[in-house]
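Here is a short report on pockets, a cavity and selected side-chain contacts. The model comes first, then the text.

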Amino acid sequence: LEVFLWYEDLVCFRDIRPNAPHHYLVVPVEHMGNCKTLKTEHIPRMMEVGKAVLQKNNFSDLSNVRMGFHWPPFCSISHLHLHVLAPASQLGFLSRLIYRINSYWFITVSVMQMSFLVGF
């Protein structure tokens, strides 16, 4: 039985087409189009919920997690969602391409946070 999380500001649930043993989406309740509309204060909260769902589903190796967003125009839906994938070491060949770290189409939360610091 998997645990899903529901908060006043965010919901978290399993991706309908999982690309890892643990593949969750953290989604704001309030509509946000994509990661270009994010503000710096959103990211830590979304990460916190992503880590919480992993821990509630008995995954504790947070060094083997990939969290990030698809960069427009490579978004499958027009509502912001953070991908939480674990263990990242078990991503298959195609998944490693789709969720390739800091490619033109996928940006990790750490790079997204840095972009706020440098005014990207």
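## Largest pocket

The largest pocket holds about 340 Å³ of space. A pocket is an open set of points on a 1 Å grid over the protein atoms alone, with protein on both sides within 12 Å along at least five of seven lines. Grid points are joined across faces, edges and corners, and a volume is the space filled by probe spheres set on the points.

Lining residues, which have an atom within 4 Å of a point, number 17 here. Asp15, Arg17, Ser76, His81 and His83 lie nearest the centre of this pocket. By class, the lining has 9 nonpolar, 6 polar and 2 charged residues. Ala, Val, Leu, Ile, Met, Phe, Trp, Tyr, Cys and Pro count as nonpolar, Asp, Glu, Lys and Arg as charged, and the others, Gly among them, as polar.

## Basis of the model

This is a predicted model: local features need pLDDT of at least 70, side-chain atom pairs count only at pLDDT 80 or more, and totals for chains, interfaces and linings use all residues. Residues are numbered from 1 along each chain as its sequence is written, and side-chain values use heavy atoms, with hydrogens and water left out.

## Second largest pocket

The second largest pocket has a volume of about 160 Å³. Its lining includes Met47, Lys51, Arg66, Met67 and Ser110. Helix 1 (42-56), strand 4 (66-70) and helix 3 (109-118) each give two or more residues to this lining. Helices (H or I, at least four residues) and strands (E, at least two) are DSSP runs, numbered from the N terminus. The lining divides into 7 nonpolar, 2 polar and 2 charged residues.

## Cavity

There is 1 cavity of 30 Å³ or more. In a cavity, a 1.4 Å probe fits but cannot get out. The largest cavity has a volume of about 60 Å³. Among its lining residues are Cys35, Phe69, His70, Cys75 and His81. The lining has 5 nonpolar, 5 polar and no charged residues.

## Rings and a buried serine

The structure holds 1 aromatic pair (ring centres within 6.5 Å). The ring centres of Tyr99 and Phe106 are 5.4 Å apart and the planes stand at 90°, so the pair is edge-to-face (over 60 degrees).

Ser103 sits in the loop between helix 2 (93-98) and strand 6 (106-108). Ser103 counts as buried, at 16% relative accessibility. A polar atom of the Ser103 side chain lies 3.2 Å from the backbone oxygen of Arg100.

Definitions and conventions:
Rings of Phe, Tyr and Trp (its six-membered ring) pair if their centres lie within 6.5 Å; planes under 30 degrees apart count as stacked, over 60 as edge-to-face and the rest as tilted. Buried means under 20% relative accessible area, exposed over 50%, partly exposed in between (1.4 Å probe, protein chains only). A polar contact is a pair of N or O atoms within 3.5 Å; within protein, one must be able to donate a hydrogen and the other to accept it, and residues adjacent in sequence count only if both atoms are side-chain atoms.
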